[in-house]
Amino acid sequence: MALELKNLSRDAENPLEAIQSENRAPQELAVVDGSTPRARQVSSVKDLAVDDADGPIVSELPRLSFVNNVVQPTRSQLIKKRIHFAAFCWGHFMLGWNDGSAGPLLPRIQEVYQISFVVASLIFVCTCIGFLIGALSNVYLSEKMKFGKGGLAPLVAYVIQAPALPFPVFILSFALSGGGVALQHAQANGYVATLDHDPSTRLSIFHAAYGLGAFTAPLVATQFAQMRRWSFHYLVSLGVGGINLVLMVLVFKLRSKDECRKEIGLEPTEKGTSDRSAFRQIFALKSVHTMAAFTFMYVGTEVTLGGWIVTYIIQRRGGGPDSGYISSGFFGGLMLGRILLLPLNKLLGLRRVVMLYGVLSIGLEFIIWFTPSLIGNGIAVSITGMLLGPVYPLAISLAGSVIPKWLLTGSIGWIAGFGQAGGAALPFVTGAIADGVGIGSLQPLLVAMMCVMIGLWVLIPKSRRAD
């Protein structure tokens, strides 16, 4: 059976579909003296580039590579895949920058606006509201929303924050930035988690970019916190967000996820057969709720520690203005842990290794709690960051094995967005409690959060639900 030239012309841009639709090995097409094209079975696609004795091969047929009967992406597609990944890594750098900025600036914000711990914590409440709205919206929009549109909201928020407007306006801008960041964060996690058969390594590198942003931000914010124009830190944030928006538009060109997957030689996302809406299917899965609760506690613990540790060190350990670098040490450890601990993750398996990291982190929190040493606390905080670092990417990787493929993007969007809401809600609760009993309550609260986090990890199902 021969493939017609018109079919070849039509499918030249997508040879994978042309070959798979015929359900047979690739064939070569030859034209002899203007006669009707004919097809002949060949052993390798590379043979298609060699002139046949009967006549010249059709030159338009693209060269393909097969491994175990699976078409491999072309060099161009691999390069585009790396560019997509790099663009999302910068977006995650921006998210880390956003979270890492709060810790060193909180004491200055309290001083400038003359507000208590609980009022200052309203920053986290507004961020939480934005993240929840973004996460819920993503469940509806995960298959429809074009990449890049979420990057505009943080820019508007940074413009509002830079002139240090009255406090009600200042804190409301965090809801705007939270919503936009949540949408992009959800899209990025869902996309990166489906780029490879085993996404754990790529996800670890991807989330290390978050750690890099969260490590860099306190270094800059600590300097601005000591200046009269402290709020100009958000002008730097505006530059980071502007680069993110430009990258999203140039790389993804406001296209959908499936359109971007096609560009790098991947099949469209698997579709389900259920008559129920994706929203109802996702929220019917126990695994989604358990993992969302886990990420809520994890991100909440991470941001609470990174956000309030500077205030704790200043008030309980007598730290000076440079105590903001402690926050950088925590997020720097977070970044390094996501890269350096990859071999241990593979050796022990993700379920066991997360338990180990959780238990060791609790031990380090007791050291910080009961050891009144500025240097010792700083070292322990950095090591805690290194141990907590791999947990989040491992959790997102686990989602791919317990959630149906056709619901994975929307589910990861909700899990990631709800986790970011935890990164706003738990720091607020911590601030409210500290307002009543003092910042010394930080360490027992962190220990309790980590215990709950480990308990939720144990409850995550081990098998995928069929529907």
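## Helix H13

Helix H13 bends by about 40° at tryptophan 308. This and every other feature reported here belongs to a predicted model. The helix covers residues 286-316, a run of 31 residues. From its first C-alpha to its last, H13 reaches 42 Å, close to the 45 Å expected at 1.5 Å a residue. H13 is mostly covered, with 25 of its 31 residues buried. Just after the helix, glycine 318 takes a positive phi of about 70°.

Glycine 300 is found in H13. This glycine has a relative accessibility of 0% and therefore counts as buried, the cut-off being under 20%. Its C-alpha lies 9.9 Å from that of methionine 453, although glycine 300 and methionine 453 are 153 residues apart in sequence.

## Helix H14 and its packing against H9

Helix H14 is formed by residues 324-340. Its 17 residues reach 24 Å between the first and last C-alpha, close to the 24 Å expected at 1.5 Å a residue. H14 is mostly covered: twelve of the 17 residues are buried. Among the buried residues are the glycines Gly324, Gly332, Gly333 and Gly337. Phe330, Phe331, Ile326, Leu334 and Met335 are also buried, as are Ser327, Ser328 and Arg338.

H14 packs with helix H9, which comprises residues 200-225. The two axes are 8 Å apart, and the packing angle is about 165°. Because angles over 145 degrees count as roughly antiparallel, H9 and H14 are roughly antiparallel to each other. Their crossing is left-handed. By class, the contact of H9 with H14 has 13 nonpolar, nine polar and one charged residues.

## Helices H7 and H10

Helix H7 spans residues 152-161, and helix H10 spans residues 233-252. The axes of H7 and H10 come within 9 Å and cross at roughly 165°. That angle is over 145 degrees, so H7 and H10 are roughly antiparallel to each other. The crossing of H7 and H10 is left-handed.

Glycine 151 is placed in the loop between helix H6 (122-141) and helix H7. Its relative accessible area is 0%, so glycine 151 is buried. The C-alpha atoms of glycine 151 and glycine 179 are 9.9 Å apart in space, and the two residues are 28 apart in sequence.

## Positive phi at two loop residues

Glutamine 114 has a positive phi of about 55° although it is not a glycine. This residue lies in the loop between helix H4 (102-113) and helix H5 (117-120). With a relative accessible area of 67%, glutamine 114 is over the 50% cut-off and is therefore exposed.

Lysine 253 likewise has a positive phi, near 55°, in a residue other than glycine. Lysine 253 lies in the loop between helix H10 and helix H11 (257-263). Its relative accessible area is 51%, and because exposed means over 50%, lysine 253 is exposed.

Conventions: Residues numbered from 1 in each chain as written. Predicted model: local features only at pLDDT ≥ 70, side-chain atom pairs only at ≥ 80, totals over all residues. Heavy atoms only, no water. Helix = DSSP H or I, 4+ residues; strand = E, 2+ residues; numbered from the N terminus. Buried < 20%, exposed > 50% of the residue type's maximum accessible area, 1.4 Å probe, protein only. Expected span 1.5 Å × (residues − 1). Bend = angle between axes of the 7 residues up to and from the residue. Axes fitted to C-alpha atoms, helices over the stretch in contact; angles between N-to-C directions. Parallel < 35°, antiparallel > 145°, perpendicular 65-115°, else oblique. Left-handed = near helix turned anticlockwise from the far one by under 90°. Nonpolar A, V, L, I, M, F, W, Y, C, P; charged D, E, K, R; others polar.
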